[in-house]
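Please look over the sequence and the 3D structure below.

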There are 2 protein chains.
Amino acid sequence: MISQTTEYALRAVVWLAANPEKALTAQQIAEATRVPAGYLAKVLQGLSRAGLLHSQRGLGGGFTLARSPAALTMWEVVQAVDPLRRIKSCPLGFEAHRAELCPLHQQLDDGLAMIEKAFSACKISKLIDPSHPSSPLCAYLPKAKAGTNGRRSKR
Amino acid sequence: MISQTTEYALRAVVWLAANPEKALTAQQIAEATRVPAGYLAKVLQGLSRAGLLHSQRGLGGGFTLARSPAALTMWEVVQAVDPLRRIKSCPLGFEAHRAELCPLHQQLDDGLAMIEKAFSACKISKLIDPSHPSSPLCAYLPKAKAGTNGRRSKR
C-alpha cells in the first residue's frame, strides 16, 4: 500500500522531527533510519524539492524540517514523494462513466479516501509522542533502556 | 495503494462474476477489461493457482469463477495476486520493538487494517449490483444505453 520510497521518507521526516537541535547529514539520517545511503539521498532530494526540508551545504550543514512537526501531516509526506492518486475518472476511459464510477473503482477509491483521511489527521508530532512506549521511531530503544545501549546514547 | 496487477485481477474477477453463463477465454476477458492480453494471462494464472478460478482447455474452454460472487471478497482477490502485508514486526528489525510498533509503523498498519476490513466486507456480488448506475464494470455502458451500443449487445 505504501511504497518503499514513502516508508523511507516518513522515517527520515520522523527522525528529523525527533532531532531538531541541529542539521543532520544524509549519512546520519541513513544510519539512524536504516535506509541505504544512496536511496535515502534521493528521497531527501524529493522532500527538499517539495519544500518539506531545508538543506544547507558545507561544514555543519545538512537537513532540517522546513515546518513544525505539529504543522505537517503524514499525508503531506506521502504525497510529496510517491503520491497516492484518488480515482477521479474511469481507469478504463469509458466516457459513459464520467458521472459515476463503477462499484469496483468506487470501492477502491473509498479505500484511498479512508487512507487520505487517516493520514491527513495524523501530524508528524503525533509520531514522536514521547509518552509512547516505542517512540519516536524504531531506531530508538524503549525509553526504559535509552541511555544504556540505545542509539541515542551514542550520539 | 493497489498495484496494477491487483487492479487487473479485480477487473477479471468482476467480469467473470457478471458473465457466469459460460467459460470465457483469456482473450475475451482481456478485451472486456481493457488489459493487455499477455499481462492478463499471467494474472489469470495467479488467480487459478490461488483457487479462485477454474480453467478448462480446449474448444469451449476458458475461465470461470471457482466460487460464488456472494462467497468471495475483494480482499481475497487482492491477497491472491499481490498481497497487502500487515506490519507485524518492526521493519527496521529492532528486537526491542517486538512487543509494540513505534507510532509511525502503528499508523501505517492501522491504514492497512482499515483497507483489510473494508475489502473483506465487500463481496464480489456487491460489485456487480445491477441497481448501480454504472454497474457492474467500466466495460459496461450504463443500463439505459445497454443493448444499443454497449459491449454486452455484441456478445
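The points below cover confidence first, then helix packing, then strand pairing.

This is a predicted model. It scores ipTM 0.82 and pTM 0.82. Keep the confidence values in mind as you read on.

**Confidence**

- Chain A has a mean pLDDT of 85. In chain A, 82% of the residues reach 70 or more.
- One stretch of chain A calls for care: pLDDT stays under 50 over residues 141-155. For residues 141-155 of chain A, the model has 19 contacts beyond four places in sequence.
- Where pLDDT is low, the predicted coordinates should not be read in detail.

**Helix packing between the chains**

- Two packed helices are described by the angle between their axes and the distance between the axes.
- Find helix H5 (residues 103-120) of chain A and helix H5 (residues 103-120) of chain B. They pack at an angle of about 150°, with their axes 10 Å apart.
- An angle over 145 degrees counts as roughly antiparallel, so H5(A) is roughly antiparallel to H5(B).
- H5(A) crosses H5(B) in a right-handed way.
- Which residues make the contact of H5(A) with H5(B)? From H5(A) come A:Asp110, A:Gly111, A:Met114, A:Ile115, A:Ala118 and A:Phe119. From H5(B) come B:Asp110, B:Gly111, B:Met114, B:Ile115, B:Ala118 and B:Phe119.
- Sorted by class, the residues in the contact of H5(A) with H5(B) are 8 nonpolar, 2 polar and 2 charged.

**Helix packing within chain A**

- Helix H1 (residues 4-18) of chain A meets helix H3 (residues 37-49) of chain A. Their axes come within 10 Å and cross at roughly 75°.
- H1(A) and H3(A) are therefore roughly perpendicular to each other.
- H1(A) contributes A:Thr5, A:Tyr8, A:Ala9, A:Ala12 and A:Val13 to the contact. H3(A) contributes A:Tyr39, A:Leu40, A:Val43, A:Leu44, A:Gly46 and A:Leu47.
- The contact of H1(A) with H3(A) has 9 nonpolar residues, 2 polar ones and no charged ones.

**Helix packing within chain B**

- Helix H2 (residues 26-33) of chain B packs with helix H3 (residues 37-49) of chain B. Their axes come within 9 Å and cross at roughly 115°.
- Why are H2(B) and H3(B) described as roughly perpendicular? Angles from 65 to 115 degrees count as roughly perpendicular, and these helices therefore get that description.
- The crossing of H2(B) and H3(B) is right-handed.
- In H2(B), B:Ala26, B:Gln27, B:Ile29 and B:Ala30 take part. They meet B:Ala37, B:Leu40, B:Ala41 and B:Leu44 of H3(B).
- By class, the contact of H2(B) with H3(B) has 7 nonpolar residues, 1 polar residue and no charged residues.

**Strand pairing in chain A**

- Strand E1 (residues 53-56) of chain A and strand E2 (residues 62-65) of chain A run antiparallel, joined by 4 bridges.
- A:His54 has A:Thr64 of E2(A) as its bridge partner. A:Leu53 stands opposite A:Leu65 in E2(A).
- The hairpin of E1(A) and E2(A) has 5 residues between the strands. There, A:Gly58 takes a positive phi near 90°.

**Strand pairing in chain B**

- In chain B, 4 bridges join strand E1 (residues 53-56) to strand E2 (residues 62-65), and the two run antiparallel.
- Which residue of E2(B) stands opposite B:Ser55? B:Phe63 does.
- E1(B) and E2(B) form a hairpin with 5 residues between them. B:Gly58, in the turn, has a positive phi of about 90°.

Note on methods:
Residues are numbered from 1 along each chain as its sequence is written. Chains are lettered from A and ligands numbered from 1 in the order in which they are written. This is a predicted model: local features need pLDDT of at least 70, side-chain atom pairs count only at pLDDT 80 or more; totals for chains, interfaces and linings use all residues. Axes are lines fitted to C-alpha atoms, for helices over the stretch in contact, and angles run from 0 to 180 degrees between N-to-C directions. Angles under 35 degrees count as roughly parallel, over 145 as roughly antiparallel, 65 to 115 as roughly perpendicular and the rest as oblique. Two residues are in contact if their C-beta atoms, placed from the backbone, lie within 7 Å. Ala, Val, Leu, Ile, Met, Phe, Trp, Tyr, Cys and Pro count as nonpolar, Asp, Glu, Lys and Arg as charged, and the others, Gly among them, as polar. Two strands pair if DSSP finds at least two bridges between them. A crossing is left-handed if the near helix is turned anticlockwise from the far one by less than a right angle, and right-handed if clockwise. pLDDT is the predictor's confidence in each residue, from 0 to 100.
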